[in-house]
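Good morning, colleagues. Please take a moment to look at the sequence and the structure, which I will now show.

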Amino acid sequence: FLYENNYIKPITDKLDEMGIRHTCFYNVAPDPNIACAKEGAKLMREFRPDVIIALGGGSAMDAGKIMWVLYEHPEVDFMDMAMRFMDIRKRVYTFPKMGEKAYFIAVPTSAGTGSEVTPFAVITDETTGVKYPLADFNITPDVAIVDPDLAETMPKKLVAHTGMDAITHAIEAYVSTANCDYTDPLALHAIEMIKNDLVDSYNGDMSKRDSMHNAQCLAGMAFSNALLGIVHSMAHKTGAAYSGGHIVHGCANAMYLPKVIKFNSKNPEADKRYSEIAAFLGLEPTTDALIAHINEMNKQLDIPTCIRDYEGGIIDEKEFMDKLPQVAELAVGDACTGSNPRPITPAEMEKLLKCCFYDEEVNF
């Protein structure tokens, strides 16, 4: 599944040279939906591949994972797969066994999602606009090819958004209720690399862009096992909720992360963990220092501070407020909420989302 067209010809030429029969699917939107996944799976069933290659950003890889499931198990019910759980290892729904028809190879071309090493895929129900994060270790790719050269053609805005997605993965993994001795080193090292490399990568330093490609993969390895938190819950449920346009996932994470850190810091253990991150980065060892650092990174990456200012104000204030109770309830019900270090109610989620819309201080 080849999303960025400029990467296709060298690969298809090599496959032709080797005498390997192949076909390509291009119709993957930046926020892939269920209809797209079904379309790709239909092509798979017609072609019957032994190997699936998902080449592109997180959208291409996530869509490819869902297509892989629908190819191998066309009988599965999407909403069953999307069922919320408290622990990925202890689920009511038994995910179908994968790999019986095809191997799955993921090749990232953007430096942010980590989808090439994760058991997650985010897909949108185009009929409701709701994003669902699917999670099961069965959909972890068999092979990940992390080639830094592929990230060098990213436009600046994509560098910024995917980079802040990666640091959100690492920070949420470090403070998650499922963190452990195996995930902490990956998360901390990824955070340090991103601190040192993201802004320079954004400004055109290709050696730093290469380094960011590795950092985002390390962050992906961390959250694959430690899971995430409500920054992602909020980004999932606000991403496609409004008629004015989608809020790009990485940008949503960047805007919400400082507010969520402040909210979570009311939990003493979370406050301690955030302070540890700050100390590891050579900052004053406090949560507020970490928040200030993230705000400064956002500023240097030209990322807005709040939803109201996103893309010149494309999210209508009235529509946001009208949908706030529903979006808040969906965010609390998101699969990522269960591993957040501080529990949150729908009423608190409404207040937090309002703070993210208006750039108000979080003091509850």
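This is a predicted model: local features need pLDDT of at least 70, side-chain atom pairs count only at pLDDT 80 or more; totals for chains, interfaces and linings use all residues.

Residues are numbered from 1 along each chain as its sequence is written, and side-chain values use heavy atoms, with hydrogens and water left out.

Let me begin with the cysteines. A disulfide is defined here as a pair of cysteine sulfur atoms within 2.5 Å. How many disulfides does a search of the whole structure find? The search finds zero. For C217, the closest cysteine sulfur is that of C180, and it lies 17 Å away, so the two are too far apart for a bond. C306 is likewise in no disulfide, its nearest cysteine sulfur, in C356, being 9.2 Å away.

Are these cysteines buried or exposed? Buried means under 20% relative accessible area, exposed means over 50%, and partly exposed lies in between, with a 1.4 Å probe and protein chains only. C217 is buried, at 10%, and C306 is buried too, at 1%.

I turn now to the helices. Helices are DSSP runs of H or I with at least four residues, strands are runs of E with at least two, and both are numbered from the N terminus. Helix α5, residues 156-175, packs with helix α8, residues 230-239, at an angle of about 140 degrees, and their axes are 9 Å apart. The axes are lines fitted to C-alpha atoms over the stretch in contact, and angles run from 0 to 180 degrees between N-to-C directions. Angles under 35 degrees count as roughly parallel, over 145 as roughly antiparallel, 65 to 115 as roughly perpendicular, and the rest as oblique; α5 and α8 are therefore oblique to each other.

The next topic is charge. Side chains of opposite charge can pair when their charged atoms come close. A salt bridge is a side-chain nitrogen of Lys or Arg within 4 Å of a carboxyl oxygen of Asp or Glu, and the count by this rule is 14.

In helix α1, residues 8-17, K14 and E17 stand three residues apart, about one turn of the helix. Their closest N and O atoms are 3.5 Å apart, and they form a salt bridge. K14 is partly exposed at 44%, whereas E17 is exposed at 61%.

Helix α12, residues 317-332, holds D322 and K318, four residues and about one helical turn apart. This pair forms a salt bridge with closest N and O atoms 2.8 Å apart, and both residues are exposed. K323 and E319 form another salt bridge, also at 2.8 Å, and they too are four residues apart in α12. Here K323 is partly exposed at 27%, while E319 is buried at 13%. Elsewhere, salt bridges link D184, K272, R273 and E276 in a network.

Finally, the backbone. R48 is not a glycine, yet it has a positive phi of about 60 degrees. R48 sits in the loop between α2 and β1 and is exposed, at 63%. D359, also not a glycine, has a positive phi of about 60 degrees. D359 belongs to the segment after α13 and is partly exposed, at 35%.

Thank you for your attention.
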